[in-house]
Amino acid sequence: MERLIELRKKHKLTQSDMSAILGISRQAYSNYELGNREADYSTLSKLADYFGVSVDYLLGRDTPESSSDDNVKVALFGGDGEVTDEMWEEVKNFTEYIKEKYKKK
C-alpha cells in the first residue's frame, strides 16, 4: 500500500514502530506495505484513526483532504457557505500554533 508507506514516512515512523502500534510483528506489517498481505478491517480502522485519514484514503479511493478535512470544515463552519483556501490555511496555522504552545508545557 503506497499510501501507508507515505503516511509512515511523513510521521517519521519505522516499520517496527507501526508494528508496535498495531500489535503485530514487523514482518506482518511489512507485508501490508509490500502488498503481500491485505489488512483486515480492524487493522485498516486502527491505521486510519492513527493517521487521521479515512479507510478509503488508505485504499487509494480518495484524498486525505476529502476524508478528514471535509469533516472538520463542516464541524467548524457548520457547512454554511464556502470555506476558502485562505480560511482553511488560517485554521491549519492556528492548529499548529496550539499544538506547539502545549507541547512546550
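Predicted model: local features only at pLDDT ≥ 70, side-chain atom pairs only at ≥ 80, totals over all residues.
Let's start with a pair of helices. Two packed helices are described by the angle between their axes and the distance between the axes. For helix α2 (residues 15-22) and helix α4 (residues 41-51), the angle is about 115° and the axes sit 11 Å apart. That makes α2 roughly perpendicular to α4, since angles of 65 to 115 degrees fall in that class. As for handedness, the crossing of α2 and α4 is right-handed.

Which residues make the contact? On the α2 side look for Met18, Ile21 and Leu22, and on the α4 side for Thr43, Lys46, Leu47, Tyr50 and Phe51. Sorted by class, the contact of α2 with α4 comes out as 6 nonpolar, 1 polar and 1 charged residues.

Stay with α4 for a moment. Its buried residues are Thr43, Leu44, Ser45, Leu47, Ala48 and Phe51. What covers them includes α1 (2-10), α2, α3 (26-34) and α5 (55-58). Just after α4 comes glycine 52, with a positive phi of about 70°.

Now hop over to α3, one of the helices covering α4. Here Ala28, Tyr29, Ser30, Asn31, Tyr32 and Glu33 are buried, and the buried residues of α3 pack against α1, α2 and α4.

Next, the aromatics. A pair of aromatic rings is described by the distance of the centres and the angle of the planes. Searching the whole structure turns up 3 aromatic pairs. One of them joins tyrosine 50 and phenylalanine 51, with 5.2 Å centre to centre and 85° between the planes. Planes over 60 degrees apart count as edge-to-face, so that is the label for this pair.

Are these two residues buried or exposed? Phenylalanine 51 has a relative accessible area of 8%, so it falls under the 20% cut-off and is buried.

Another of the pairs is formed by phenylalanine 94 and tyrosine 97. This pair is tilted, with 6.1 Å centre to centre and 35° between the planes. Both residues lie in helix α7 (residues 85-103), 3 residues apart, which is about one turn of the helix. Tyrosine 97 is partly exposed, with a relative accessible area of 48%.

Conventions. Residues numbered from 1 in each chain as written. Heavy atoms only, no water. Axes fitted to C-alpha atoms, helices over the stretch in contact; angles between N-to-C directions. Helix = DSSP H or I, 4+ residues; strand = E, 2+ residues; numbered from the N terminus. Parallel < 35°, antiparallel > 145°, perpendicular 65-115°, else oblique. Left-handed = near helix turned anticlockwise from the far one by under 90°. Contact = heavy atoms within 4.5 Å. Nonpolar A, V, L, I, M, F, W, Y, C, P; charged D, E, K, R; others polar. Phe/Tyr/Trp six-rings, centres within 6.5 Å; stacked < 30°, edge-to-face > 60°. Buried < 20%, exposed > 50% of the residue type's maximum accessible area, 1.4 Å probe, protein only.
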